[in-house]
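I opened my notebook to look up a few things here, one at a time. Here is what I jotted down.

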2 protein chains.
Amino acid sequence: MAKQASGKVRGSRTGRPIMALLDLLGRRWTLRILWELREEPLTSRALRTACDEASPTVLQARLTELREAGFVELGDGGGYGLTPLGRELCEMVMPLHRFAERWQR
Amino acid sequence: MAKQASGKVRGSRTGRPIMALLDLLGRRWTLRILWELREEPLTSRALRTACDEASPTVLQARLTELREAGFVELGDGGGYGLTPLGRELCEMVMPLHRFAERWQR
DNA sequence: GCGTATTGCTACAGTAATTGTAGCAAAGAA
DNA sequence: TTCTTTGCTACAATTACTGTAGCAATACGC
């Protein structure tokens, strides 16, 4: 897959940051990755296991996007972890846990 | 497109509700739809306009999913609006607005 | 040195999801 | 009737994702 043009973000045609963010979070596995990294950094393999064996192709793509967005970083000794900004975003996703349990179906 | 098997939710293989919710929200336009309905109900056409002319095929699919999930409902006089549960979920998405503006790029 | 196991990452073909355009039936207003 | 709007769908083209396999680089024990 060709890499996305620099700086360009799908869905941000209006220029409103919220649209770019909603679009980024609305891609498959993005929210899940943030969720799985909520406690500790994970290696790419561990992350894949946590994400129900999702294909490394997408995971790699999402990780690149999340890194370019400044939410995720690759630590020195390997392993992906949340940046301070990413942790802040994750804090907004966490409450979904309790909501989901009340929601059930 | 064939309709999804009843009750089955993609990404919920573990049975954990949070996974089903993250997967639902991780589909294209889902978060955006919740965002656009945050203030008032919109007709399908108005929603499409708000969503940057997204194809009615996906919007219809997402609206059906959101209705089955109990987050969105079709009012008597036409027009899609959030249910109380959906409004609650929307409350958790709203803070992303301010976050996105600080995030920018 | 050697093998072996890990790291992050990529190629490739097949499949599923999304797009873009066009159009439908039903309900209401003129 | 005609015109307009409602929610909704068909269809082919395009894009995104899956599943499997494998790469180079690094680090282990031997």
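Predicted model: local features only at pLDDT ≥ 70, side-chain atom pairs only at ≥ 80, totals over all residues.

Entry one, the DNA. I looked up what surrounds DNA strand C and got 20 residues. The closest are A:Thr43, A:Ser44 and A:Gly78 from chain A, plus B:Ser55 and B:Val58 from chain B. Sorted by my classes, the surface near DNA strand C has 9 nonpolar, 8 polar and 3 charged residues.

Entry two, a helix pair. I checked α1 (residues 17-25) of chain A against α6 (residues 96-103) of chain B: their axes come within 8 Å and cross at roughly 105 degrees. I therefore noted α1(A) as roughly perpendicular to α6(B). Which residues make the contact? From α1(A) I listed A:Pro17, A:Ile18 and A:Leu21, and from α6(B) I listed B:Leu96, B:His97, B:Ala100, B:Glu101 and B:Trp103. The classes came in handy again, giving 6 nonpolar, 1 polar and 1 charged for this contact.

I found A:Arg102 in helix α6 (residues 96-103) of chain A. Is A:Arg102 buried or exposed? I put it down as exposed, because A:Arg102 has 9 C-beta neighbours inside 10 Å and the cut-off for exposed is 12 or fewer. Last, I looked up its distance to A:Leu82, 20 residues apart along the chain: the C-alpha atoms of A:Arg102 and A:Leu82 are separated by 27 Å.

Conventions
Residues numbered from 1 in each chain as written. Chains lettered and ligands numbered in written order. Helix = DSSP H or I, 4+ residues; strand = E, 2+ residues; numbered from the N terminus. Buried ≥ 20, exposed ≤ 12 C-beta atoms within 10 Å, placed from the backbone. Axes fitted to C-alpha atoms, helices over the stretch in contact; angles between N-to-C directions. Parallel < 35°, antiparallel > 145°, perpendicular 65-115°, else oblique. Contact = placed C-beta atoms within 7 Å. Nonpolar A, V, L, I, M, F, W, Y, C, P; charged D, E, K, R; others polar. Near = placed C-beta within 6 Å.
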